[in-house]
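Subject: Structure handover

Hello,

Please find below the structure I am passing on to you. My notes on it follow.

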Amino acid sequence: DTPLKNSAILFSESVSRFVVEVSGKNSAAFEMIMATDASEIGTSVSGKKMIVTGLDDKEIMNADIVKLK
């Protein structure tokens with residue numbers, strides 16, 4: 001097996017991609033239900049940026065959400 005890469009999780013071809021926000025108290029249950037169908041890409045914080053953390057816990061994206069819209 002080839003280890004997953006950040007680009008594969010974020011951009012691999014599939015029917016669709018969703019960004020889902022789950023509260024910390026529900027994250028374990030959500031991850032158990034989704035199994036390998038979901039990958040954590042970050043944490044919600046106050047502010048106006050979308051910051052994505054890669055598989056090695058290093059920041060791979062830091063963008064202003066107004067510019068992303």
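A patch of negative charge on the surface brings together Glu31, Glu40, Asp56 and Asp57. Patches consist of residues with over 30% relative accessible area and no salt bridge, with like charges joined within 9 Å; a salt bridge is a side-chain nitrogen of Lys or Arg within 4 Å of a carboxyl oxygen of Asp or Glu. Each charge is placed at NZ of Lys, CZ of Arg, CG of Asp or CD of Glu.

This is a predicted model, in which local features need pLDDT of at least 70 and side-chain atom pairs count only at pLDDT 80 or more, while totals for chains, interfaces and linings use all residues. Residues are numbered from 1 along each chain as its sequence is written, and side-chain values use heavy atoms, leaving out hydrogens and water.

Asp56 sits in the loop between strand E1 (49-53) and strand E2 (59-64). Asp56 counts as partly exposed because its relative accessibility is 46%; buried means under 20%, exposed over 50%, and partly exposed in between (1.4 Å probe, protein chains only).

As for the whole chain, there are three helices and two strands, in the order α-α-β-β-α from the N terminus. Helices (H or I, at least four residues) and strands (E, at least two) are DSSP runs, numbered from the N terminus. The C-alpha trace spans about 35 × 30 × 25 Å along its principal axes. Of the 69 residues, 6% count as buried.

The chain carries 8 positive and 10 negative side chains, the centres of the two sets lying 9 Å apart. Lys and Arg count as positive, Asp and Glu as negative; His and the chain ends are not counted.

Regards

Notes:
Patch = residues over 30% accessible without salt bridge, like charges linked within 9 Å, V, L, I, M, F, W, Y side chains within 5 Å. Areas by Shrake-Rupley, 256 points an atom, 1.4 Å probe, with all protein chains shown as cover.
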